[in-house]
Amino acid sequence: MNRKNLALAGVVGGVIGLIVSFLLAIEYFGIGTENIANTACSALGGGDSCLKVAESSYSAIPGVPFLGNVPIALLGFGFYGLLTYSFFLVTKAKSNEEVSKFISLLFPVLVLGLLFDLILFGISVGIIGTICQLCFVTYIVTIALLGILYLLWKTEGKPKLEVPVALKEGITTLGLVYFFSFSLGFATSKMWVSKASSNTLATSRGMDSAEIQTKIAAYFQEPTLGINVTGSPFIGKKDAPITIVKYADYNCGHCLHTSHILHTVLSEYDGMVRVVYKNFPLDGTCNRLMQQPRPDASSCVAAIAAICADKQGKFEPMYRGLYDNLEKGVAHSGSSVVNLANSIGLNVNSLKACMGSKEAQNQLNAEIDEAEKLNIQSTPSLYINDRRIESGTPNPIFLKTLLEQIIQKM
């Protein structure tokens with residue numbers, strides 16, 4: 001292949017990388033919704049693998065000033081935008097010397113990109129425990145682009161790579177192109193998800209209207225269970241006619257995203273719904289129903305902290321702070337809880353005393369005992385007006401339709 005054809009192949013590869021990175025950003029911003037990204041992942045045979053990666057604490061850089069959480073996928077969008085632009089310039093190059101400079105510039109960029117991909121692949125397989133099919137496509141694209149660059153180098157007669165000189169001359173342009181590409185990806189992916197109304201309940205994931213009605217009919221056939229909500233923390237109005245009970249673990253990604261859905265429920269059904277929160281830590285350290293303890297008893301620490309924050313009337317900020325920490329990859333520990341307590345205005349000494357008290361442990365044990373009677377096996381487990389719904393992250397459109405039908409029956 002000649003220089004121009006190889007460079008055009010590089011442009012095509014870069015565009016593919018841009019598209020896939022964009023889809024991955026949509027998957028992150030659109031968690032809990034049916035969108036083009038999870039459809040693409042399923043089409044590639046990945047099922048919910050991309051969602052599982054998006055839900056993990058490794059999927060984003062937390063707390064970036066002015067931007068908030070930034071999905072790793074957008075770093076890839078900037079990367080492939082830079083490569084697409086550079087290969088396009090190669091198609092317009094007038095001399096071998098000009099092409100050699102581009103090769104010298106692109107070589108370290110692609111090698112660093114490949115190393116980053118290998119790290120992400122290791123995290124995906126070794127820690128998250130799945131392979132995101134869309135992510136895997138980007139790894140292949142990076143390898144392919146590195147191969148194209150090698151063939152371009154051979155076609156040009158294997159010129160000596162002047163990497164330091166090329167970087168010195170082109171670093172400013174590289175930075176500007178990367179920043180522009182990243183910014184474009186960030187803005188458009190958030191706008192795309194916003195237009196799809198991901199922050200409302202008017203979306204669903206993999207459930208048609210017939211299935212929704214079947215599940216609603218099954219819900220109304222469920223027996224009432226006599227769940228005790230006396231003394232349990234709740235968000236919403238005390239006399240709301242609909243009570244949702246949530247059993248959860250503060251290290252559970254699905255519980256985290258269920259909290260976002262329930263936050264929307266509380267907003268859209270203000271005065272009609274309250275959510276009662278109970279603990280079911282998936283941690284053998286404090287939960288006799290679990291065999292394996294978590295490292296540093298992190299789920300137990302978080303559960304006790306939430307119980308004790310409620311004693312000071314600060315359950316909601318502690319609840320949200322614990323899940324914010326999970327989303328940011330901050331492990332729950334004595335020190336992280338104290339930092340959180342300080343930030344939300346808790347009396348730290350009282351909190352510490354409560355967390356070490358028999359009273360708090362007894363409350364946690366009582367919630368676990370009740371969970372055993374309810375035969376809870378996983379989190380989140382939700383109960384609406386004392387009736388069970390299917391465990392796991394609730395389908396938003398199912399939840400909205402169910403709530404509306406409950407209201408109609410009142």
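Predicted model: local features only at pLDDT ≥ 70, side-chain atom pairs only at ≥ 80, totals over all residues.

Student: What box do the C-alpha atoms fill, and what share of the residues is buried?

Tutor: Along the principal axes, the C-alpha atoms take up a box of roughly 80 × 50 × 35 Å. The chain has 410 residues, and 50% of them count as buried.

Student: Let's do the strands. Which ones does β5 pair with?

Tutor: β5, residues 273-279, is joined to β3 (residues 234-236) by three bridges, and those two run antiparallel.

Student: Give me some residues I can click on. What stands opposite R274, and what stands opposite N279?

Tutor: Opposite R274 you'll find G236. N279 has A248 opposite.

Student: And is β5 buried or exposed?

Tutor: Mostly covered: seven of its seven residues are buried. V273, V275, Y277 and N279 sit on one side, with R274, V276 and K278 on the other, and both faces are covered.

Student: Which way does β4 pair with β6?

Tutor: β4 and β6 are antiparallel, with four bridges between them. For a spot to look at, K246 stands opposite L382 in β6.

Student: What about the two faces of β6, covered or open?

Tutor: Both faces of β6 (residues 381-384) are covered. S381 and Y383 are buried on one side, and L382 and I384 are buried on the other.

Student: Where does the chain go after that? What do β6 and β7 form?

Tutor: A hairpin, with two residues between the strands. β7 is residues 387-388, and it pairs with β6 in the antiparallel sense over two bridges. I384 has R387 as its bridge partner in β7.

Student: What's the phi of N385 in that turn?

Tutor: Positive, about 50 degrees.

Student: OK, switching to helices. Which residues of α2 are buried?

Tutor: In α2, residues 36-43, the buried ones are A37, N38 and C41. Looking down the helix axis, those buried residues fall within an arc of 90 degrees, so they line one face of α2.

Student: New topic: the surface. Which residues make the nonpolar patch?

Tutor: V125, I131, F136 and I140 make a nonpolar surface patch of about 320 Å².

Student: Where's V125, and how exposed is it?

Tutor: V125 is in helix α5, which covers residues 96-128. V125 has a relative accessible area of 42%, so it counts as partly exposed.

Student: Last thing. Which residues does UniProt list for "transmembrane region"?

Tutor: The UniProt entry, which is unreviewed, lists residues 7-26, 72-90, 102-121, 127-153 and 174-193.

Student: What's the helix content of 102-121 in the model, and how far apart are its ends?

Tutor: Residues 102-121 are 100% helix and 0% strand, and the end C-alpha atoms lie 28 Å apart.

Student: And for 127-153?

Tutor: That span, residues 127-153, is 85% helix and 0% strand, with its end C-alpha atoms 37 Å apart.

Definitions and conventions: Residues numbered from 1 in each chain as written. Heavy atoms only, no water. Buried < 20%, exposed > 50% of the residue type's maximum accessible area, 1.4 Å probe, protein only. Arc of directions from axis to C-beta. Patch = residues over 30% accessible without salt bridge, like charges linked within 9 Å, V, L, I, M, F, W, Y side chains within 5 Å. Areas by Shrake-Rupley, 256 points an atom, 1.4 Å probe, with all protein chains shown as cover. Salt bridge = Lys/Arg side-chain N within 4 Å of Asp/Glu carboxyl O. UniProt positions renumbered as here; feature names shortened; annotations may be inferred. Pairing = 2+ DSSP bridges.
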